[in-house]
Amino acid sequence: MNNALLSYHDAVLYRSGEPYRILAGAIHYFRVHPDLWQDRLRRLKAMGANTVDTYVAWNFHQPKRDQAPDFSGWRDIGRFMDLAAGEGLDVIVRPGPYICAEWDNGGFPAWLTGIPGIGLRCMDPVFTAAIEEWFNHLLPIVASRQASSGGPVVAVQIENEYGSYGDDHEYIRWNRRALEERGITEMLFTADGGTDYFLDGGSIDGTWATATLGSRGDEAIATWQRRRPGEPFFNVEFWGGWFDHWGELHHRRDADDAAAEARKMLDPGGSLCAYMAHGGTNFGLTSGSNHDGTMLQPTVTSYDSDAPIAENGALTPKFHAFRKEFFRAQGIEELPELPVELLADSPVIPAQSLPLGSGQGLLSIVRNAGIAVASVKPLSFEQLGLDAGLVLYSAEAILPGQPGMPVESRLKITGLNDRAYVWVDGNFAGVLDDVTGAEGLLVTGTGVAARLEILVENLGRINYGPLTGHGKGILGGVLINQRYTFHWTQTPVSLAEWTQDHLDVLSGVEFEIGEAADTYIALPDSEKGFVWLNGFLLGRYWNKGPQVTLYAPAPLLKPGRNSIKVLELGKPGTVVELREAPDLGPVEAGPIEAAELP
């Protein structure tokens with residue numbers, strides 16, 4: 001690392017030979033509209049940061065195996081780094097290939113994790129060959145922007161929190177070589193939770209080990225002094241806030257509490273990256289999910305994360321608290337005045353309530369949404385080549401009973417991921433999920449063939465833990481009592497690829513505006529579904545909360561006529577509201593414990 005801008009010696013970090021500390025914040029280019037990248041980076045700089053940190057989401061660039069990775073438009077990570085440089089920020093790149101980040105599949109493309117028998121995050125040659133091919137596309141963009149070439153990139157992470165997943169140190173060393181062989185010469189580092197357990201799994205000799213934690217920073221520093229005595233302490237993920245799952249409360253952490261915890265790490269000379277500094281949004285179908293060992297926990301559309309810079313760019317009390325600590329860490333007690341334009345509220349569309357026009361019924365829509373594929377047993381999303389969205393399964397089954405003497409049976413789904421909507425002969429029978437699927441629904445038959453139709457919704461692929469890469473759809477089978485039903489057709493419903501023809505049959509509303517501005521979309525009497533704004537898949541809504549409004553940034557709107565389309569999976573609503581402020585739901589407040597790994 002002789003050519004690297006950053007170095008360390010005797011637990012002191014240096015930049016160009018001068019003592020230094022990283023004061024960073026995470027902003028993910030893939031969660032922020034590209035027209036807003038510069039604004040959000042400027043706000044980070046105003047917080048006193050000298051560095052921006054970003055993951056690279058592989059599946060954002062290459063969702064299909066037969067297509068080359070895309071680095072244009074919203075996916076132009078090179079432009080994001082160039083904008084950071086223009087704001088005077090260094091850049092830390094975290095290319096994974098696994099990133100967690102509460103992002104669908106932890107950043108892995110579904111075509112990769114769907115390869116039968118593949119070993120993830122280990123020295124499986126099928127896995128490592130795919131990474132090498134991906135890195136061949138990505139890393140030249142990063143390498144050409146390293147500090148040694150006059151660019152902003154000062155550090156690159158090896159894998160991500162590997163100590164919470166596996167113990168294949170050969171794989172971590174291979175990952176380091178893969179970066180070096182493709183021209184990465186700046187500082188390389190690993191990142192793991194702040195305890196011996198995580199360091200045991202994820203750190204390797206000769207490579208800077210950094211931490212990820214939200215509290216008990218003093219305990220982590222003591223661990224580093226004992227385990228990594230020659231290395232400076234860097235909390236590369238300080239969880240000043242937290243993300244939300246559907247059906248839970250909105251997480252919020254007191255600004256002063258978060259700042260006090262940051263001070264524990266900054267006062268002894270440590271470096272720190274606020275995760276997130278600006279969270280942004282899980283637009284479309286990009287939010288991941290967790291699994292608590294019993295049930296799936298899908299993440300909401302918003303990734304506000306109670307960050308210093310809110311989802312809409314607003315400067316929160318946490319921004320001012322962190323700003324004080326970041327400047328204090330630089331020996332500056334009297335804060336410079338913030339630019340007036342950063343303090344102003346973003347323009348919003350005036351609040352209005354709009355009648356939601358009716359569209360075709362759900363079953364009719366999905367029956368005609370794709371090309372049906374026949375099979376004997378139900379096929380998974382992976383077997384159908386579908387990464388996200390919906391699949392409609394259809395088959396005929398004999399339901400026990402006799403004409404005039406109906407009998408109740410139980411329809412069960414084994415290996416259900418994630419949520420199934422069931423119809424029998426066109427009549428809605430109910431909803432099953434990954435917990436209730438094996439218990440089943442009561443259905444009534446008379447001994448004749450009935451048409452079963454099961455719409456499975458992918459709620460987001462697991463992004464953390466041993467179930468990362470788990471398949472989607474019906475992974476087992478469909479039972480009538482103890483008897484399997486065979487011979488199915490599957491219709492993939494690729495929502496992310498829907499054209500205007502698909503959207504035309506949905507319920508919707510149009511509205512006129514004078515100038516493009518932010519708005520917050522609510523569907524107060526709808527149950528669950530998806531929203532498109534001017535043809536852009538904005539995200540999911542669900543009345544179980546906590547999230548109530550969907551953030552629609554100004555670049556997605558236009559002067560004149562705008563259109564909202566809704567695909568409702570449950571009870572259709574009658575109204576769409578444009579609100580002037582976000583509503584992320586009722587709050588659960590408290591510190592982020594060190595054991596709560598993302």
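The dialogue below walks through how to read the barrel, the cysteines and the aromatic rings of this predicted model.

Q: What kind of model is this, and how are residues numbered?
A: This is a predicted model, in which local features need pLDDT of at least 70 and side-chain atom pairs count only at pLDDT 80 or more, while totals for chains, interfaces and linings use all residues. Residues are numbered from 1 along each chain as its sequence is written, and side-chain values use heavy atoms, with hydrogens and water left out.

Q: Which strands form the closed barrel?
A: Strands of a sheet pair through backbone hydrogen bonds, either parallel or antiparallel. Here, eight strands in the order 4-5-6-7-8-9-10-12 make a closed barrel with parallel pairing, and neighbouring strands of this sheet are turned by 30° against each other on average, direction ignored. Strands (E, at least two residues) and helices (H or I, at least four) are DSSP runs numbered from the N terminus, and two strands pair if DSSP finds at least two bridges between them. Strand 4 (residues 23-27) and strand 5 (residues 51-55) run parallel and are joined by three bridges; A26 has D53 of strand 5 as its bridge partner.

Q: How many disulfides are there, and why does C122 form no bond?
A: A disulfide is a covalent bond between the sulfur atoms of two cysteines; the criterion is a pair of cysteine sulfur atoms within 2.5 Å. By this rule the count is zero: C100 is in no disulfide, the nearest cysteine sulfur, that of C273, being 15 Å away. For C122, the closest cysteine sulfur is that of C100 at 18 Å, which is too far for a bond. With buried meaning under 20% relative accessible area, exposed over 50% and partly exposed in between (1.4 Å probe, protein chains only), C100 is buried at 1%, whereas C122 is partly exposed at 22%.

Q: How many aromatic pairs are there, and what is the geometry of Y55 and Y275?
A: A pair of aromatic rings is described by the distance of the centres and the angle of the planes. Rings of Phe, Tyr and Trp (its six-membered ring) pair if their centres lie within 6.5 Å, with planes under 30 degrees apart counted as stacked, over 60 as edge-to-face and the rest as tilted. The count comes to 37 aromatic pairs; Y55 and Y275 form one that is edge-to-face, at 6.3 Å centre to centre and 75° between the planes. This pair links distant parts of the chain, Y55 in strand 5 and Y275 in strand 12, 220 residues apart, and both residues are buried.

Methods. Axes are lines fitted to C-alpha atoms, for helices over the stretch in contact, and angles run from 0 to 180 degrees between N-to-C directions.
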